[in-house]
Amino acid sequence: MSYTLKRGRIETGFTAVPNALLRDPDLTVEAKAFLAWLASLPEGFEVHPEGCKEALGLTDYRWRKLRAELSSIGALSKAKVRTNAGKFLYHTFVVRFDLW
């Protein structure tokens, strides 16, 4: 049995996510959902691990597993942010959507 997809026109409140990302058979559903959620956030939005876990209902274990999955393919990396004098301030996540 098959079903025909019908969808209404979405005109506001949507996010563009690459089809190739959503169709990537090597990514878990959790990774796809996380990347789609990140894409929905405004440019420059500060994302903290605790906020990610809370927003997506992730346990520490699932968060570490998700981070490891995305890090292993280069989609998520951690970078140190420093002052102009070179003093370490904090870590930031770098997300790459250009892989798909």
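Patches are made of residues with over 30% relative accessible area and no salt bridge; like charges are joined within 9 Å, nonpolar side chains (Val, Leu, Ile, Met, Phe, Trp, Tyr) within 5 Å. Accessible areas come from the Shrake-Rupley method with a 1.4 Å probe, and for residues only the protein chains shown count as cover. A salt bridge is a side-chain nitrogen of Lys or Arg within 4 Å of a carboxyl oxygen of Asp or Glu.

This is a predicted model: local features need pLDDT of at least 70, side-chain atom pairs count only at pLDDT 80 or more, and totals for chains, interfaces and linings use all residues. Residues are numbered from 1 along each chain as its sequence is written, and side-chain values use heavy atoms, with hydrogens and water left out.

**Stop 1: the nonpolar patch.** Select Phe88, Leu89 and Tyr90. Together they make a nonpolar surface patch of about 290 Å². Leucine 89 lies in strand 2 (residues 88–95); helices (H or I, at least four residues) and strands (E, at least two) are DSSP runs, numbered from the N terminus. Leucine 89 has a relative accessible area of 46%, so it is partly exposed. The scale: buried is under 20% relative accessible area, exposed is over 50%, and partly exposed is in between (1.4 Å probe, protein chains only).

**Stop 2: helix 2.** Select Ala31, Lys32, Phe34, Leu35 and Leu38. These residues of helix 2 are buried. Look down the helix axis: the buried residues fall within an arc of 165°, so they line one face of helix 2. That arc is taken from the directions from the helix axis to the C-beta atoms. What do they pack against? The buried residues of helix 2 meet helix 1 (19–23), helix 3 (49–56), helix 4, strand 1 (76–82) and strand 2. Contact here means heavy atoms within 4.5 Å.

**Stop 3: salt bridges.** The whole structure holds 5 salt bridges. Start with glutamate 30 and arginine 62, whose closest N and O atoms are 2.3 Å apart. This pair links distant parts of the chain: glutamate 30 sits in helix 2 (residues 29–39), arginine 62 in helix 4 (residues 60–72), 32 residues apart. Glutamate 30 is partly exposed at 27% relative accessibility, and arginine 62 is partly exposed at 33%.

Next, select Glu50, Lys53 and Asp60. A network of salt bridges links them. Between aspartate 60 and lysine 53, the closest N and O atoms are 2.2 Å apart. Buried or partly exposed? Lysine 53 is buried at 9% relative accessibility; aspartate 60, at 43%, is partly exposed.

Finish at glutamate 11 and arginine 9. Their salt bridge has its closest N and O atoms 3.3 Å apart. Both residues are exposed.
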